[in-house]
There are 2 protein chains.
Amino acid sequence: MASYSELENSMHKLVKNFYNYAEKKGEKDKLTKREFRTMISSELNHVLTNTQSKEAADKLIKSLDADADGKISFDEYWTLINEMCMKMGQQMALNI
Amino acid sequence: MASYSELENSMHKLVKNFYNYAEKKGEKDKLTKREFRTMISSELNHVLTNTQSKEAADKLIKSLDADADGKISFDEYWTLINEMCMKMGQQMALNI
């Protein structure tokens, strides 16, 4: 069978990215606030604004943290991915 | 500013993939059934089963086509991306 497609690899990267950062400290299936801040400042500089600001990051965490446990689960991380991709999709739709 | 991160590129690829196929025929912001079938048989062989079967593809289209217009919108496409990524996430969670 042929190797994975670009689309399959891209999905894998989005999922794996969560675990790459989550496994650094504490629960391996949750992003601590610090892990989340490291993740956005390293990976999302061109898509989010203020990724280097602790205040902005903490505000974003609060908006994503549906169960208010102070950590970001995979589902909560995926909410952010969804939001960013929806925006990209809307922008792309304007240019077709 | 540095170049886009892997995460940003991956999101862009998932979004762009929809428009790459949607623009081939008819409405440029909808996948026709044929475009959808071409897309899954070209891009999702390792993540979905039966991607070469017209029957399986049409069944999948029916399950995604929330507004029942016989075409797949970006939001409907994204439902599929979500489902596949959730499954990948669950499998990855078992291996940490």
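Residues are called buried under 20% relative accessible area, exposed over 50%, and partly exposed in between. The views below are taken from a predicted model.

**View 1. Chain A and chain B about the rotation axis.** Two copies of a chain are related by a rotation about an axis and a shift along it.

**View 2. The interface of chain A and chain B.** In this interface, 40 residues of chain A are in contact with 40 residues of chain B. The size of an interface is often given as the accessible area lost when the parts come together. Between chain A and chain B the buried area is about 3600 Å², and 76% of it comes from carbon and sulfur atoms. On the side of chain A, the residues that lose the most area to chain B are A:Leu7, A:Met11 and A:His46, which together make up 20% of what that side buries. Of the interface residues of chain A, 100% are also interface residues in chain B, so the copies meet through the same surface.

View 3. A salt bridge joins B:Lys13 to A:Glu6, with 3.6 Å between the closest N and O atoms. Polar contacts across the interface of chain A and chain B link 12 residue pairs, both residues at pLDDT 80 or more. The side of chain A that touches chain B draws at least two residues from each of helix H1 (6–22), helix H2 (33–43) and helix H4 (74–94) of chain A. H4(A) gives the most to that side, with 13 residues.

**View 4. Salt bridges around A:Lys30.** Over all chains the structure holds 12 salt bridges. In this view, a network of salt bridges links A:Glu27, A:Lys30, A:Asp69 and A:Lys71. The side chain of A:Lys30 meets that of A:Glu27 in a salt bridge of 3.7 Å, N to O. A:Glu27 has 37% relative accessibility and counts as partly exposed, whereas A:Lys30 is buried, with a relative accessible area of 17%. The side chains of A:Asp69 and A:Lys30 also meet in a salt bridge, at 3.5 Å from N to O. A:Asp69 lies in the loop between helix H3 (54–64) and strand E2 (72–73) of chain A, and A:Lys30 lies in strand E1 (residues 30–31) of chain A, so this pair ties together parts that are 39 residues apart in sequence. With 30% relative accessibility, A:Asp69 counts as partly exposed.

**View 5. A salt bridge between two helices of chain B.** B:Asp58 and B:Arg37 form a salt bridge, in which the closest N and O atoms are 3.1 Å apart. B:Asp58 belongs to helix H3 (residues 54–64) of chain B and B:Arg37 to helix H2 (residues 33–43) of chain B, so the pair ties together parts that are 21 residues apart in sequence. B:Asp58 counts as partly exposed, at 22% relative accessibility.

**View 6. The cysteines A:Cys85 and B:Cys85.** A disulfide is a covalent bond between the sulfur atoms of two cysteines. The count over all chains is 0 disulfides. A:Cys85 is in no disulfide, and the cysteine sulfur nearest to A:Cys85 is that of B:Cys85, 8.8 Å away. The cut-off for a disulfide is a pair of cysteine sulfur atoms within 2.5 Å. B:Cys85 is likewise in no disulfide, with the sulfur of A:Cys85 as its nearest, 8.8 Å away. A:Cys85 is buried, with a relative accessible area of 0%, and B:Cys85 counts as buried at 0% relative accessibility.

**View 7. The surroundings of B:Ser73.** Strand E2 (residues 72–73) of chain B contains B:Ser73. This residue, B:Ser73, is buried, with a relative accessible area of 15%. When its neighbours within four places in sequence are left aside, B:Ser73 is in contact with B:Phe18, B:Asp29 and B:Lys30.

Note on methods. Residues are numbered from 1 along each chain as its sequence is written. Chains are lettered from A and ligands numbered from 1 in the order in which they are written. This is a predicted model: local features need pLDDT of at least 70, side-chain atom pairs count only at pLDDT 80 or more; totals for chains, interfaces and linings use all residues. Side-chain values use heavy atoms; hydrogens and water are left out. Contact means heavy atoms within 4.5 Å. A salt bridge is a side-chain nitrogen of Lys or Arg within 4 Å of a carboxyl oxygen of Asp or Glu. Buried means under 20% relative accessible area, exposed over 50%, partly exposed in between (1.4 Å probe, protein chains only). Helices (H or I, at least four residues) and strands (E, at least two) are DSSP runs, numbered from the N terminus. Buried area is the accessible area (1.4 Å probe) that two parts lose on being put together, summed over both. A polar contact is a pair of N or O atoms within 3.5 Å; within protein, one must be able to donate a hydrogen and the other to accept it, and residues adjacent in sequence count only if both atoms are side-chain atoms.
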